[in-house]
Amino acid sequence: MGKTVREIADILGTSPDDLIKEKQRIRDEIKRQNIKVSKQGNKFLIDDSDVEKIVGVLRPKINEESSKNNEENEELLRQIEELKKQNDKLRKDKEDKNEELNRISSKKDDEISKKNEEIRRLNKKIEKYADDFKDLNDKQMQLNNQQQQLQAKILEQTKQLKDSQQKLLDSAERSSQLQDKVDKMENASLWQRIVRKFD
């Protein structure tokens, strides 16, 4: 006869939550002790004498872990109890603070109401200033547009004036050239007039 890993875990009193972990620990112990495993059907069995060896090694470890867990649980319970006391104290402090805040709040209600009224009055002033500023801004934009249009007109008129001045200068130059020719013709000799050579 022999026993499976699951049966060994049951002998050790393993809980369902720890079953996977404990089965792995049993497999590790089988490898550590080089214990031979036989197969019967679809089951892997460990000889009863080897089972006693495995249980003899693992049971003290489990008992030690269980004892340690109990100590940790006791410590956790102590900490929980301490936290409950602290929580009760914090709750009492919170209640005291709330009462104090309620007293202060009742005293401040009138002041808050007055301040709210002052804020509403100031907000109305701000809204009026904002409207006035918008109007001024719109007028400023209109003036800027008019100024830009006026500058464009001035530039165009300046260009036209320069063109006119250039045309007058060109006409004056041509008139001067014609006058020179006329003067040369009037002052030319008879022979120059005949051959039309004035230069």
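## One turn along helix H3

Lys89 and Asp93 sit four residues apart in helix H3 (residues 48–187), so about one helical turn separates them. Helices here are DSSP runs of H or I with at least four residues, numbered from the N terminus, as are strands (E, at least two). The side chains of Lys89 and Asp93 meet in a salt bridge, with N to O at 3.3 Å; the term means a side-chain nitrogen of Lys or Arg within 4 Å of a carboxyl oxygen of Asp or Glu. Lys89 is exposed at 54% relative accessibility, while Asp93 is partly exposed at 33%. Those words follow relative accessible area: buried is under 20%, exposed is over 50%, and partly exposed is in between (1.4 Å probe, protein chains only).

## How the model was read

This is a predicted model, where local features need pLDDT of at least 70 and side-chain atom pairs count only at pLDDT 80 or more, while totals for chains, interfaces and linings use all residues. Residues are numbered from 1 along each chain as its sequence is written, and side-chain values use heavy atoms, leaving out hydrogens and water.

## Another pair in H3

Lys159 and Asp163 are also four residues apart in helix H3, about one helical turn, and their side chains form a salt bridge of 3.4 Å, N to O. Lys159 is partly exposed at 48%, and Asp163 is partly exposed at 36%.

## A buried pair and its network

Over in helix H2 (residues 19–32), Arg25 and Glu22 lie three residues apart. Their closest N and O atoms are 2.9 Å apart in a salt bridge. Arg25 is buried at 18% relative accessibility, and Glu22 is buried at 5%. Salt bridges link Glu22, Arg25 and Glu65 in a network. Across the whole structure, the search finds 14 salt bridges.
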